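Have a look at the model first, then work through the points below.

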Amino acid sequence: MEVEDEEDPIVEEIPVFLSKNLQGNLYLFQYPTKTELPNHDDAVVVNCCVKPFTQEVKVDFGLNIESKHYDSFKAEQFAVAADGKNTYGTGPAKATERPTYKRGIMDKQAFTSTRSLTDISKYIVGIYADKEVHLSPLASIVQLRPALNHFDKDDKRRKAEQKAQSDDVDEEEVLQQVTVKFARGPGAAAAKKTKEQRGGTYNSFVQRIMDEPWCETFWHPRNSSTAEIERHKLYATNHQANQSLALNANEYLRKLLPHDEQVQQVNTMMMAHPVYNKAMLKTMPLLEQLRVLLKDARMLSFSDLMKVLSEHVDPQVTADKVLALLPQVGILLHGNWVPRSEVVYPEKMLSHANGATAEQMIRARDYILFRFSRTACLYRTQVMAAVQLPSAETLDVLRTVARVNATKRWELLVPPDKEFEQKHQDLVQRQELHWRASEQLYNEMDWAKETKRVRKRSTRKSESQSTTMPPPALNPNSLADA
């Protein structure tokens with residue numbers, strides 16, 4: 001591919017080859033609990049097993065029992081807890097259960113794997129050597145963490161011993177009533193469908209994983225000749241290197257960056273805060289672009305909005321076209337644009353703290369926008385009393401348009417843009433008509449707040465009067481009569 005721009009010259013060309021020698025057999029091991037220094041590069045592997053179908057790996061690393069940091073007494077306790085007293089050879093071990101520690105001491109540490117990624121089609125292993133890059137596809141990426149199965153075996157063994165003791169005490173067989181139920185199945189087809197549904201459940205899936213037997217493998221040290229031969233398979237052979245790329249420049253770029261297909265596959269409803277890149281924004285209509293930009297920025301001046309659109313999304317966009325669509329997704333507030341509450345809180349959304357509905361959050365945010373159109377600062381306690389939302393939800397709604405200043409009051413994120421208001425007075429008047437139409441509703445919210453406060457004070461006052469009232473005076477004649 002030739003580059004026509006002389007300001008960006010090619011410094012060096014590096015050939016890239018794809019090796020398929022280890023395709024389907026190359027695993028990438030990750031150790032989240034290990035750092036760079038205490039790693040397993042020179043560790044002794046006692047045993048290694050793998051489950052080919054579920055792609056699980058179990059590796060037993062030997063412990064240095066001669067180390068001064070090794071506690072032999074604790075190691076013996078772990079071995080006895082896991083395998084019982086038969087570990088020391090005092091009695092024959094059970095044929096059905098394999099001992100965890102054959103030497104009667106915890107001399108190894110087991111690591112079991114979990115799959116870190118389900119889709120690894122975008123990940124490869126690369127080697128740079130002799131000014132060439134060789135890439136190899138991965139079969140799986142697994143994370144190895146310490147397994148504490150000896151504690152599980154200890155609990156299982158104790159439960160078995162307790163059950164055996166209880167069986168010895170209760171020698172007589174206890175008769176239990178058994179109820180037998182016969183299900184009336186509609187037919188063989190329905191029974192087969194039910195069996196398939198049961199097979200797709202999570203419990204059956206986990207059971208299939210547990211039922212798959214471990215296949216023992218041989219671990220070759222990294223410095224062995226066998227490991228060196230396997231490492232050479234990461235390099236592409238001469239036959240693979242001679243394969244030419246039968247794609248032109250445009251098709252190769254489309255295969256390399258299929259942003260159009262990725263945009264269609266993104267499900268924004270399943271994401272709490274979807275993230276869009278410039279390639280995805282370019283595929284959207286202008287109205288959707290404005291919706292995304294306003295929601296992401298929370299508050300934008302018109303000049304900043306036009307700068308983002310012209311420099312990063314669409315250089316041909318015009319200000320008149322943007323102004324014609326902005327009122328559909330935004331609200332003009334002191335010369336700046338904020339997203340509509342329906343954009344910030346879509347339908348059927350629930351707040352993360354207390355599960356407030358989208359309707360309640362929209363009502364609270366509209367009230368805050370109206371109050372900011374009349375004043376420069378707000379107090380959170382006053383807003384919370386008016387909107388009748390918990391503290392967490394009130395804080396989330398305020399953060400969509402405001403921030404806390406040095407005086408502990410909430411002010412708008414962006415200073416007012418007087419120049420835009422003077423230039424577009426028609427938009428300002430239209431927004432003012434909208435505020436006046438809904439002013440009564442927001443004033444009623446404040447009146448309800450004041451009414452509740454007065455009622456609460458009057459109740460307290462009556463209660464205090466009733467408690468401080470002196471008891472009625474007793475008649476001495478009545479006492480004498482008594």
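**Strands, helices and confidence**

Let's start in a sheet: Ser113 stands opposite Leu144 in β8. This is a predicted model, where local features need pLDDT of at least 70, side-chain atom pairs count only at pLDDT 80 or more, and totals for chains, interfaces and linings use all residues. Residues are numbered from 1 along each chain as its sequence is written, and side-chain values use heavy atoms, with hydrogens and water left out. Helices (H or I, at least four residues) and strands (E, at least two) are DSSP runs, numbered from the N terminus.

**The six-stranded sheet**

- Strand β5 (residues 108-115) runs antiparallel to strand β8 (residues 140-146), and 5 bridges join them; two strands count as paired if DSSP finds at least two bridges between them.
- These strands belong to an open sheet of 6 strands with mixed pairing, in the order β2-β8-β5-β4-β3-β9.
- At the edges you'll find β2 (27-30) and β9 (215-217), each pairing on one side only.
- From one strand to the next, the twist averages 25°.

**Around β7**

- Strand β7 (residues 132-137) pairs with strand β1 (residues 16-18) in the parallel sense, over 3 bridges.
- Val16 has Val133 in β7 as its bridge partner.
- Strand β6 (residues 124-129) pairs with β7 too, in the antiparallel sense and over 6 bridges; here Ile127 has His134 as its bridge partner.
- The hairpin of β6 and β7 has 2 residues between the strands, and Asp130 takes a positive phi near 55° there.

**The three-stranded sheet**

- Another open sheet has 3 strands in the order β13-β15-β14, with antiparallel pairing.
- β13 (377-378) and β14 (402-404) are at the edges with a single partner strand each, so one side of each is left without a neighbour in the sheet.
- β14 and strand β15 (residues 410-412) run antiparallel and are joined by 3 bridges, with Arg403 opposite Glu411 in β15.

**Helices packing on α16**

- Two packed helices are described by the angle between their axes and the distance between the axes.
- The axes of helix α15 (residues 380-387) and helix α16 (residues 391-399) come within 10 Å and cross at roughly 110°. Axes are lines fitted to C-alpha atoms, for helices over the stretch in contact, and angles run from 0 to 180 degrees between N-to-C directions.
- α15 and α16 are therefore roughly perpendicular to each other (angles under 35 degrees count as roughly parallel, over 145 as roughly antiparallel, 65 to 115 as roughly perpendicular and the rest as oblique).
- On the α15 side, Arg380, Val383, Met384 and Val387 meet Ser391, Thr394, Leu395 and Leu398 in α16 (contact means heavy atoms within 4.5 Å).
- Helix α14 (residues 358-374) packs with α16 at an angle of about 55°, with the axes 10 Å apart, so α14 and α16 are oblique to each other.
- Here Met361, Ala364, Arg365 and Ile368 in α14 meet Glu393, Val397 and Leu398 in α16.

**How confident is the model?**

- The protein averages a pLDDT (the predictor's confidence in each residue, from 0 to 100) of 77, and 74% of the residues score at least 70.
- Among the elements, strand β12 (residues 336-339) has the highest mean pLDDT (94) and helix α20 (residues 476-481) the lowest (40).
- Residues 87-95 have pLDDT below 50, and this stretch has 10 contacts in the model beyond near neighbours in sequence.
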